[in-house]
Amino acid sequence: MDPRMSSFALSCLFLVIASMTQARSQHVRDPHSFARPEAVVTHLALDIEVDFDKHVISGAATLTLRLDPKATEVHLDTRDLNIHKVTLLPEKSAPKWTLGEEVKFLGRELTIAVTPKTTSIVVEYSTSPSAAALQWLEPLQTAGKKKPFLFTQSQAILARTWVPCQDGPGVRMTYSARVKTRPDLLAVMSASNPVSRSSDGVYTFDMKQPIPSYLLALAVGDIAFRPVGKRSGVYAEHALVDTSAWELGDTEKMIEAAEALYGPYRWDRYDIIVLPPSFPFGGMENPRLTFATPTILAGDRSLVSLVAHELAHSWSGNLVTNATWSDFWLNEGFTSYLENRIMEALYGRPYAEMLASLALQDLQNTLKDLGPTHPDTRLKIDLTGRDPDEGVSDVAYNKGALFLRHCEETVGRARWDAYVRSYFDSHAFTSMTTEGFVADLRNRLVAGNADLEGRLQIDAWVYGPGLPESIPAIASSEFAAVEKEAAQWTSGIPAVQLSTKGWTTHHWLHFLRKLPATLSVDRMKELDGAFAFTRSGNSEILTAWLQRSIEMGYAQAYGALEHFLTGQGRRKFLKPLYTAMTKSPDGMQMAKRIYAKARPGYHSVSYNTIDDILKWDVK
Ligand code: BES
Ligand code: ZN
């Protein structure tokens with residue numbers, strides 16, 4: 001054979017393989033979506049009305065499609081949606097469509113027949129009042145107490161309960177929306193946003209960058225806006241907006257720190273909305289508009305690592321997106337690592353080391369609970385047939401972050417930072433599998449260096465359970481001082497004599513963790529007398545203290561416990577407190593009494609978790 005010919009054949013073969021690999025990384029099979037690669041949604045145009053009386057969103061979703069020539073059907077995800085009518089465009093014809101049987105966690109597959117001419121489909125629909133993504137708040141559940149509020153939570157697979165869509169993180173679309181609501185309320189989305197109310201209650205939105213469906217978000221309420229920087233600002237209920245703007249005053253600096261590390265912020269504005277207290281998460285990285293719990297309003301900016309975290313998702317997650325929920329650690333592990341780097345840039349290494357140390361302790365506790373060989377202690381886990389929510393643990397967040405810190409320490413910061421930055425640049429606006437990331441790491445960082453490969457232990461970290469032997473050393477000098485004070489108190493020095501001046505939230509959390517496992521009620525009382533934990537307005541400290549109070553039977557804190565559990569619905573705080581109460585019959589009784597009162601105020605994400613913990617009978 002002509003040698004030129006064979007090299008031509010070889011390069012053709014190479015091109016074919018390369019394009020196949022690329023296609024695979026785009027359209028990896030997602031066990032949590034009915035969507036198929038031959039017909040994908042590229043743009044969503046929403047036209048909806050928000051009805052606070054009926055607790056229903058209704059309207060039309062026009063989905064622009066990219067069809068393979070052989071495609072005859074489009075497959076969408078829906079759950080608890082009423083589908084009224086489907087129309088093909090440009091034909092303006094009514095196609096054949098079917099709604100499949102309900103599948104656990106996934107909802108019902110909407111299959112629509114299309115023609116070779118079809119460019120988009122219009123789905124007219126309405127949501128059910130119990131749509132899992134939506135929480136409709138009565139005026140009394142808001143800060144202002146006068147007007148209702150609605151917010152959405154789409155991650156992981158709840159977007160399909162309020163928009164018919166291809167609800168997997170491997171599909172990206174741009175979107176626009178027209179939202180009509182009561183004229184006395186403001187609507188905001190994960191898109192370009194208004195800063196004041198319109199006279200007719202109609203708002204329009206645009207998201208020009210392609211995003212996965214789990215980042216679709218909407219909030220409607222008596223919302224006001226305050227700028228805090230040149231491209232950042234804070235939305236909150238009128239009653240809370242000034243407090244919130246002060247607490248989040250470091251946002252612009254965080255954006256600058258993140259850009260210096262990981263390249264330009266690609267979403268134009270970065271705003272934050274502080275939601276009513278039933279928001280089930282600390283934060284949610286909805287693009288251009290992070291959703292946040294008001295429990296970060298500590299009064300001293302001590303809980304703003306949450307902003308660093310959600311902001312970091314603008315790179316890890318929103319820009320380079322986990323391909324399926326089994327790759328969730330790519331979103332959260334990267335983000336937790338970036339969060340710590342941003343915190344270090346703003347507040348210094350000793351501060352960031354406190355956060356890293358607390359995260360490592362959390363991880364070690366989780367690993368102890370699960371057992372060192374449990375399959376869910378791997379970074380890549382198989383969530384097929386399971387609720388993706390089951391993958392949300394310290395493993396994805398903290399083991400993921402620890403692995404990346406291990407990479408950083410192994411190759412050195414300069415080289416590592418350059419790699420991470422180029423990783424975001426070269427995969428921007430695409431999805432990434434764990435295997436894809438590992439391959440990228442080997443190609444561009446390890447580059448055949450056998451010694452480096454040996455030291456990184458990539459496979460052990462990513463695919464192995466528990467923690468490899470050589471984990472990064474986290475040394476917090478601040479915490480060494482805290483431990484000294486805890487030991488002093490344990491050995492009999494009165495609490496009021498301890499040196500706690502200048503302690504932040506994180507010092508206090510560490511202090512509480514370092515106290516002896518059992519304490520008498522009198523000892524609890526002494527601490528409370530000295531430090532007023534029961535009256536703490538800091539949600540993190542209060543949770544740690546209340547958990548201990550339950551464990552030690554310190555009944556003086558039970559009033560505060562009930563107040564806290566009925567006053568906010570952040571799952572991270574509810575979970576340990578209800579769990580602690582289940583450990584004794586009296587506690588269980590108290591838990592059930594409080595829960596009966598609190599449950600109607602919780603978002604589905606939170607009550608589904610607590611129902612399980614309390615084995616609550618859902619009637
Ligand atoms: N994206 C997550 C929240 C999430 C994860 C929602 C999985 C649904 C499914 C968000 O970025 C997050 O991690 N929030 C944390 C905050 C944090 C500082 C670790 C939270 O809510 O506690
Ligand atoms: Zn996150």
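Author: Start with Ser 539: its side chain lies 2.7 Å from the backbone oxygen of Thr 295. The model is a predicted one.

Reader: What makes the pair of Ser 539 and Thr 295 a polar contact?

Author: The distance is 2.7 Å. The cut-off for N or O atoms is 3.5 Å. The pair therefore falls within the cut-off.

Reader: Where does Ser 539 lie, and which residues does Ser 539 contact beyond its sequence neighbours?

Author: Ser 539 belongs to helix 15, residues 539-552. Neighbours within four places aside, Ser 539 is in contact with Thr 295, Leu 303, Phe 564 and Phe 573.

Reader: Why is Ser 539 called buried?

Author: Its relative accessible area is 5%. Buried means under 20%. So Ser 539 counts as buried.

Reader: Why is Thr 87 called buried?

Author: Thr 87 has 15% relative accessibility. The limit is under 20%, so Thr 87 is buried. Thr 87 sits in strand 4, residues 81-89.

Reader: Which residues does Thr 87 contact, leaving aside neighbours within four places?

Author: They are Lys 92, Ser 93, Pro 95, Ser 120, Ile 121, Val 122 and Glu 124. Take Ser 120: Thr 87 and Ser 120 are 33 residues apart in sequence, and their C-alpha atoms are 8.6 Å apart.

Reader: Is Asp 327 buried or exposed?

Author: Buried. Asp 327 has a relative accessible area of 1%, and buried means under 20%, so the term applies. Asp 327 lies in the loop between strand 19 (320-322) and helix 5. Residues up to four places away not counted, Asp 327 touches Asn 322, Lys 380, Met 432, Thr 433, Thr 434 and Glu 435.

Reader: How do you know that the buried residues of helix 9 line one face?

Author: Begin with the list for helix 9, residues 434-446: Thr 434, Phe 437, Val 438, Asp 440, Leu 441, Leu 445 and Val 446 are buried. Seen down the helix axis, these buried residues fall within an arc of 160°, so they line one face of helix 9.

Reader: What do the buried residues of helix 9 pack against?

Author: Helix 5 (328-347), helix 7 (394-411), helix 8 (413-426), strand 20 (430-432), helix 10 (450-456) and helix 11 (458-463). Just after helix 9, Ala 447 takes a positive phi of about 45°.

Reader: Which residues come nearest to ligand 1?

Author: Of the 16 residues around ligand 1, the nearest are Gln 155, Gly 282, Glu 285, Glu 310 and Tyr 397. Helix 4 (305-312), strand 17 (283-284) and helix 5 each supply at least two residues of the shell. Helix 4 gives the largest share, three residues.

Reader: What makes the pairs between ligand 1 and the protein polar contacts?

Author: Gln 155 has a polar side-chain atom 2.7 Å from a nitrogen atom of ligand 1. For Gly 283, a polar backbone atom is 3.2 Å from a nitrogen atom of the ligand. For Glu 285, a polar side-chain atom is 2.6 Å from a nitrogen atom of ligand 1. The limit is 3.5 Å, so these pairs qualify. Taken alone, ligand 1 exposes 520 Å², and the protein buries 88% of that.

Reader: How many disulfides does the structure hold?

Author: Zero, in a search of the whole structure. Cys 165 is buried at a relative accessible area of 1%. Cys 407 is buried too, at 0%.

Technical notes
Residues numbered from 1 in each chain as written. Chains lettered and ligands numbered in written order. Predicted model: local features only at pLDDT ≥ 70, side-chain atom pairs only at ≥ 80, totals over all residues. Heavy atoms only, no water. Disulfide = S-S within 2.5 Å. Buried < 20%, exposed > 50% of the residue type's maximum accessible area, 1.4 Å probe, protein only. Helix = DSSP H or I, 4+ residues; strand = E, 2+ residues; numbered from the N terminus. Arc of directions from axis to C-beta. Contact = heavy atoms within 4.5 Å. Near = heavy atom within 4 Å. Polar contact = N/O pair within 3.5 Å; in protein donor to acceptor, adjacent residues only side chain to side chain. Areas by Shrake-Rupley, 256 points an atom, 1.4 Å probe, with all protein chains shown as cover.
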